[in-house]
Amino acid sequence: MLNRDLSVAPSQIYVWDAFVRVFHWMLVAGFTIAYLTEDDLLSVHVWAGYVVGALVVARVVWGFAGPDHARFSDFLYDPATTLRYVRDLVLLRGRRYLGHSPGGGYMVIALLVLIAATVVTGLIVYGGDQQAGPLAGMFTKETGEAMEEVHEVIANIALAFVFLHIAAVVFASFAHRENLARAMMTGYKRP
């Protein structure tokens, strides 16, 4: 019989389930493809948008039905706690969280809302301007053309939030001395 020392803590703990990780990296790919093909390859742009929309819907469902660290209830904190966390992080004394931090939680919600708004406005543009897609015939060509500017503005705001997210992940990785991008690939973090 093996004699195990149960007082030794594991060096890694499983935090991000496969769905969250696959969702994250597929969303990165889908949003990037949609953003870069907006004018040149309409069919690729549209299909990337469909994928992104399906991913957002699936993530919202998983935010209520998934494991603990995937659930919105695990990482949505009151605004005061979030502001204190961000302040403390900037001062390099922010508390480390096993799942999403309070700032990270709000970034997840902001990105989901912005990307969902990008998809919805894109569907309106496609349905009106091109008279194609699931909303074909529901909007006039004029409505589709008018919504195109809104679609582009929201997509650009979403991209700005993506860059803010990346900067915050790099900064938090430095502050907490852990590679958060690697954790989103492997699912494991230190306890």
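Select K141 and E145 first: their side chains form a salt bridge, 3.8 Å from N to O (a salt bridge is a side-chain nitrogen of Lys or Arg within 4 Å of a carboxyl oxygen of Asp or Glu). This is a predicted model, in which local features need pLDDT of at least 70 and side-chain atom pairs count only at pLDDT 80 or more, while totals for chains, interfaces and linings use all residues. Residues are numbered from 1 along each chain as its sequence is written, and side-chain values use heavy atoms, with hydrogens and water left out.

Both K141 and E145 sit in helix α6, four residues apart, about one turn of the helix. Helices (H or I, at least four residues) and strands (E, at least two) are DSSP runs numbered from the N terminus. K141 is partly exposed at 41% relative accessibility, and E145 is partly exposed at 42%. Here buried means under 20% relative accessible area, exposed over 50%, and partly exposed in between (1.4 Å probe, protein chains only).

Next, select R87, D88 and R93, which salt bridges with shared partners join into one network. D88 pairs with R87, the closest N and O atoms being 3.1 Å apart, and with R93, where the closest N and O atoms are 3.2 Å apart. Is D88 buried or exposed? D88 is buried, with a relative accessible area of 17%, whereas R87 is partly exposed at 43%. The structure holds six salt bridges.

Stay with helix α6, which covers residues 141-176, and select S173. S173 is buried, with a relative accessible area of 15%. Leaving aside neighbours within four places in sequence, which residues is S173 in contact with? They are E178, N179 and L180, contact meaning heavy atoms within 4.5 Å.

Now select E38, D39, D40, E148 and E149, which form a patch of negative charge on the surface. Patches are made of residues with over 30% relative accessible area and no salt bridge, like charges being joined within 9 Å and nonpolar side chains (Val, Leu, Ile, Met, Phe, Trp, Tyr) within 5 Å. D40 is exposed, with a relative accessible area of 66%.

Finally, show the whole chain. It has seven helices and two strands, running β-α-α-α-α-α-α-α-β from the N terminus. The C-alpha atoms fill a box of roughly 70 × 45 × 30 Å along the principal axes. Of the 191 residues, 36% are buried.

How values were computed. Accessible areas come from the Shrake-Rupley method with a 1.4 Å probe; for residues, only the protein chains shown count as cover. Lys and Arg count as positive and Asp and Glu as negative; His and the chain ends are not counted. The place of a charge is taken as NZ of Lys, CZ of Arg, CG of Asp or CD of Glu.
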